[in-house]
Amino acid sequence: MLLFESDNGYKKVCIWKDEIPFNCVSNNSLYLCVESGNISWHVGTICIEAKLHPRHISNYAMVGMRYLNDKKSKTDIVVNYEGKKILCQSQVLPFNKDIYVGLDKEFADAIKGFFDEYPIRKLPAGTIEIFTGGYDEVGSSNISFKKVMELLIFVFKNIDELNCMDLKSELLKLM
């Protein structure tokens with residue numbers, strides 16, 4: 001687990017590489033298939049939890065994503081949602097606040113919308129699966145989930161090449 005925060009402590013991001021910090025079983029899925037490009041990503045699982053902006057209500061989201069290079073010529077995207085919601089402790093919110101783990105349909109739609117708007121041929125061939133997500137009652141919105149998706153894609157592209165300090169610097173700039 002990597003935990004990064006801005007110098008003033010307002011923005012925080014926690015990254016789990018090849019581990020799943022919050023278990024959640026989903027009952028439903030959204031599917032999307034897009035044209036892929038010649039893009040390389042980290043093969044495996046990355047989960048990101050982020051406190052994005054301290055003075056805005058849309059300041060928190062957590063998304064877990066898995067990428068599998070299964071030699072397909074297209075990119076299949078699966079967004080799982082509406083599983084049993086469980087409470088877990090946040091790594092980035094103050095006072096060890098609990099978050100709800102398990103995506104609502106609204107947030108799953110926002111993540112699917114992110115991929116709908118993503119530029120053609122800019123995703124790797126294979127399967128991308130959103131297997132879980134988390135939200136705070138007062139600090140999450142569609143905007144925060146789309147921002148966390150931007151962070152996740154950056155991490156999938158760069159985590160195997162950047163050192164820890166460069167990764168921190170770039171992520172905090174993107175936030």
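1. Helices (H or I, at least four residues) and strands (E, at least two) are DSSP runs, numbered from the N terminus. Lys71 is found in the loop between strand 5 (60–68) and strand 6 (74–81). Lys71 has a positive phi of about 60 degrees although it is not a glycine. With a relative accessible area of 71%, Lys71 is exposed (buried means under 20% relative accessible area, exposed over 50%, partly exposed in between; 1.4 Å probe, protein chains only).

2. This is a predicted model, in which local features need pLDDT of at least 70 and side-chain atom pairs count only at pLDDT 80 or more, while totals for chains, interfaces and linings use all residues. Residues are numbered from 1 along each chain as its sequence is written, and side-chain values use heavy atoms, with hydrogens and water left out.

3. Asp18 lies in the loop between strand 2 (12–17) and strand 3. Asp18 is not a glycine either, yet has a positive phi of about 55 degrees. Its relative accessibility is 45%, so Asp18 counts as partly exposed.

4. His42 sits in the loop between strand 3 (28–35) and strand 4 (44–51). His42 counts as buried because its relative accessibility is 6%. Its side chain makes a polar contact with the side chain of Asp18 (3.1 Å). A polar contact is a pair of N or O atoms within 3.5 Å; within protein, one must be able to donate a hydrogen and the other to accept it, and residues adjacent in sequence count only if both atoms are side-chain atoms. Leaving aside neighbours within four places in sequence, His42 is in contact (heavy atoms within 4.5 Å) with Lys17, Asp18, Tyr67, Phe156, Ile159 and Asp160.
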